[in-house]
Amino acid sequence: MSIIEVKHLYKEFKIPKRQEGLAGALRSLFHRQYLTKLAVNDISFSIDSGEMVGYIGPNGAGKSTTIKMLTGILVPSSGDIRVNGLIPYKERQRNARQIGVVFGQRSQLWWDLPTIESFELLKQVFQIPADRYRQNMVRFRKILDLDEFLHTPVRQLSLGQRMRADIAAALLHDPKIIFLDEPTIGLDVVAKERMRSFIREINQDRGVTVILTTHDMSDIEKLCQRMILIDNGQVMYDGELAKIKETFGKTRILIVDLEEDIVDFSLAGVEVIKQEGNRHWLKFNRDTITASQLISRISENYNVRDISIQDPEIEVLIRNIYENTLPLIID
Ligand SMILES: Nc1ncnc2c1ncn2[C@@H]1O[C@H](COP(=O)(O)OP(=O)(O)O)[C@@H](O)[C@H]1O
Ligand SMILES: [Mg+2]
């Protein structure tokens with residue numbers, strides 16, 4: 001059963017146009033001109049209760065704007081949104097009780113207070129029953145390792161600690177749905193992995209519906225079966241990650257450092273896309289040659305110092321999708 005319904009959603013921002021020089025500044029005082037930006041341009045989707053969905057796209061695609069409308073922070077220019085039966089911007093308070101939100105870029109916690117006091121305040125705000133609060137705190141302290149910084153003011157937390165505090169805060173009132181906007185941004189590999197396993201756990205054990213925005217493809221790979229890919233405010237793809245990777249993720253990049261200076265590096269089935277000193281970036285297609293075949297062919301002919309493989313980035317995938325004309329239907 002669907003818990004989130006979005007139909008023909010639009011959000012337009014009006015940005016005042018700056019005019020050059022003093023004359024321009026004066027003129028714009030009286031005749032202010034605006035540029036309009038369609039941040040969300042006719043987006044529709046529906047999400048079932050208990051799903052974990054990756055809402056993915058490059059910077060500026062419209063991810064945060066969508067999340068802000070789902071949480072009621074922003075009012076849509078047009079279109080319909082239902083979040084568990086509520087219209088978020090009309091019933092912002094009621095909606096806040098059934099959702100949790102984490103913005104990776106900005107903490108929701110009180111900056112100057114010890115972390116634990118933010119939790120206590122939220123307990124009051126959401127009128128969380130004492131039992132529930134205690135049980136949740138015990139759990140979160142353990143799995144998110146909160147004890148080491150519970151009495152530290154939020155402003156002094158490391159990014160990873162702050163993110164853990166924020167996600168605990170977002171879940172204290174047992175929301176049915178959680179919106180995570182770039183929850184792994186800026187985290188190191190270990191902290192990212194931790195955050196991901198916690199997200200997986202709340203989805204699997206507690207059946208919380210998770211909507212996760214990210215521009216990190218590996219977040220999605222590790223967490224979500226379904227992804228909604230957006231660009232320029234529009235849905236480019238909505239479906240299984242596996243299918244999109246199969247279809248569009250065939251090119252990979254091998255980065256190789258050679259001992260010798262080779263100017264004219266060439267191998268059949270491989271495109272040299274960049275060279276810096278002895279380092280070469282080679283683009284290849286998985287259907288033509290496997291990574292291990294390629295590596296062994298290179299090492300037969302050259303002395304290899306170092307080698308690594310780059311998976312296709314989301315930007316590359318999106319570009320590929322564009323080139324294959326839209327909308328995209330895979331079955
Ligand atoms: N408050 C705002 N005023 C004007 N433009 C905005 C505002 N918020 C976002 N935008 C613009 O809308 C587009 C989508 O932004 P956003 O939803 O933040 O993208 P994402 O989260 O995918 O990076 C961008 O071009 C951004 O500059
Ligand atoms: Mg954003």
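**Note on the predicted model and its ligand shell**

1. In this predicted model, three elements, β1 (2-16), β2 (34-48) and α2 (63-71), each supply at least two residues of the shell around ligand 1, and the largest share, three residues, comes from α2. Helices (H or I, at least four residues) and strands (E, at least two) are DSSP runs, numbered from the N terminus.

2. The residues around ligand 1 are F13, I15, K37, A39, G57, N59, G60, A61, G62, K63, S64 and T65, where a residue is near a molecule or strand if its C-beta atom, placed from the backbone, lies within 6 Å of it. By class, this shell has four nonpolar, six polar and two charged residues; Ala, Val, Leu, Ile, Met, Phe, Trp, Tyr, Cys and Pro count as nonpolar, Asp, Glu, Lys and Arg as charged, and the others, Gly among them, as polar.

3. For reading the names, residues are numbered from 1 along each chain as its sequence is written, while chains are lettered from A and ligands numbered from 1 in the order in which they are written. As the model is predicted, local features need pLDDT of at least 70 and side-chain atom pairs count only at pLDDT 80 or more, whereas totals for chains, interfaces and linings use all residues.

4. The domain assignment, which is automatic or from a database, gives domain 1 (2-6 + 43-246) and domain 2 (250-311), and their C-alpha centres lie 40 Å apart.

5. Of the 331 residues of the protein, 31% count as buried, that is, with 20 or more other C-beta atoms within 10 Å of their own, C-beta atoms being placed from the backbone.

6. The 13 residues of α6 should span 18 Å at 1.5 Å a residue, and its end C-alpha atoms are 19 Å apart, which agrees; the expected span is 1.5 Å times one less than the number of residues.

Note on methods: A residue is buried if 20 or more other C-beta atoms lie within 10 Å of its own, exposed if 12 or fewer, and partly exposed in between; C-beta atoms are placed from the backbone.
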